[in-house]
Structures are given as C-alpha cells and as structure tokens.
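Take a look at the fold below before reading on. Then compare the text with what you see.

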Amino acid sequence: MKKFLVGVTALATALVLTACSGNSGGGAPGGGAVAQGDPAGGTTTTSAPATSSPTPTPTPSPSSSSSTPKPTSSKPKPTPKPTPKPTPKPTPKPAPNAADVPCKAALASPGVSACVDLSALKTWLLQDGKVVYGPVKQLPGKKGYATPTGVFHVSAKVKNYHSKQFDAPMPNSVFFLPGIAFHTGSLSVYSHGCIHLSAAASQKYFTMLQKGGVVQVVA
C-alpha cells in the first residue's frame, strides 16, 4: 500500500513539474529564460532579447555657414606733409642815384661816360646822365704818381696792353691820357697813375666806353 501511495505521489509531482515547464503563450515574468520542450527529450534555454539602451542624440554643432566676423584693421592715416614756406623774394636793390655821382661833366655828357672819385675810391659808368654801372671800387696812383684830375676823353683801347716802362701787364686798357688808363689791376696796391679795377669791372669799362667818351676825375 505504501508503495502505491509513493507511486501516486511521484506521478502527481511529475505532472505538476510538466505543467510548470510548458510554454503557455507567455514569457517568464521579468524577462528571464523560458524552458521549452525539445523533441529529443531535452530542454533548450532561450535568452530574452537584451534591451538596447537609447543612443544619445549628438548635440548639433554650430552651423559652418555662420562666419566669424573678421576684425577690421584700420589703415594708418598718412602723415600730412608740412606746408612749404614761401621763399621770400629778394629785396630789389635800389637803382643807383645819379645824385651821388660827383662828376657834373660826366653826368651832362651824351652817350657813355665815366666818373672817378679819388678820395672815395669809387667809379661809375653813366649813360645819358643816368648811372648804368657802379659804383665799384678803384685804386688810383700812389704818392709821387698821382692820377691827374679833370675832364678827359677816351683816346685808345687795347685789350692786352703790356707796360714797357714798368714791365707789367695791363689787361682791358682804356686810355684817357698818355700812359694813364683804366685796366685790370690790384685793389690793394696803388698804381703809377692808372685806375686799377677788378677783372669784371675792367671788362665792363672796356666794352662800354668808346673812343671820345668823357672821363671825369675828381679829388
């Protein structure tokens, strides 16, 4: 009798186990493994699909089309050029005043004439009573060879005269007395009676004075 009860109990237990292990259309609670029947008599365990975690949405990057503002580089202003100062015009020299010329005869003479002031060491050229050149410095004869005073006339002109008496050159000689002439000479050494002039002045006298022109010498 006990064996019979044990057998019944074992059969009931097997039926209960068979009912628990069958798949009646539902999965195991909680998503666990479900035991299914195997035609070969075993059981196969099937894993429930793993739940995939949601992929994080990437944060959108700033649009590449948006341009970063470029810094504005200001060009340096050109340095203003200084305004050039106007060049002062030279003050015109006053015209020579004929009133300063001490030679009345030379002033009254027509054409070109010459005036010599021995004490002032000056000489002028005049034309029709007006000063056209000078005054310029001159040196007359030294003591013992004084230049004579008076009114004279040009007698001769020699471009490159050489004095035989004193063995000295006398460029641009304009004679108004025998042996007495305007010519290029020293302006620091007195002459033997002639009127020493600078090279430029003697050239001017040689060009402008003509034969017969008046030469007046005053003390």
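This report moves from the overall fold to the sheet and then to the rings.

This is a predicted model: local features need pLDDT of at least 70, side-chain atom pairs need pLDDT 80 or more, and totals for chains, interfaces and linings use all residues. Residues are numbered from 1 along each chain as its sequence is written, and side-chain values use heavy atoms, without hydrogens and water.

**Overall fold**

The protein has 3 helices and 11 strands. Helices (H or I, at least four residues) and strands (E, at least two) are DSSP runs, numbered from the N terminus. Of the 219 residues, 25% count as buried. Buried means under 20% relative accessible area, exposed means over 50%, and partly exposed lies in between (1.4 Å probe, protein chains only).

Five strands form an open sheet with the order 5-4-3-11-6 and mixed pairing. Strands pair if DSSP finds at least two bridges between them. Strand 5 (130-137) and strand 6 (150-153) are the edges, and each pairs on one side only. The twist averages 20 degrees from one strand to the next. Strand 3 (residues 112-117) and strand 11 (residues 214-218) run parallel and are joined by 4 bridges. Here Ala-114 stands opposite Val-215. Helix 3 (residues 199-208) packs on the sheet and touches strand 3, strand 4 (122-127) and strand 5. Contact means heavy atoms within 4.5 Å.

**Aromatic rings**

The structure holds 6 aromatic pairs. Rings of Phe, Tyr and Trp (its six-membered ring) pair if their centres lie within 6.5 Å; planes under 30 degrees apart count as stacked, over 60 as edge-to-face and the rest as tilted. Two pairs are listed here.

| Pair | Centre to centre | Angle between planes | Type |
|---|---|---|---|
| Tyr-133 and Tyr-205 | 6.4 Å | 75 degrees | edge-to-face |
| Tyr-145 and Phe-166 | 6.3 Å | 80 degrees | edge-to-face |

Tyr-133 lies in strand 5 and Tyr-205 in helix 3, so their pair ties together parts that are 72 residues apart in sequence. Tyr-205 is buried, at 0% relative accessible area. By contrast, Tyr-145 is partly exposed at 37%, and Phe-166 is partly exposed at 33%. Ring pairs also link Tyr-133, Phe-152, Phe-176, Phe-182 and Tyr-205 into a cluster.

**A buried histidine**

His-183 is found in strand 9 (residues 180-184). Is His-183 buried or exposed? His-183 is buried, with a relative accessible area of 5%. Beyond its neighbours within four places in sequence, its contacts include Met-170, Cys-194 and Ser-202.

Conventions:
Axes fitted to C-alpha atoms, helices over the stretch in contact; angles between N-to-C directions.
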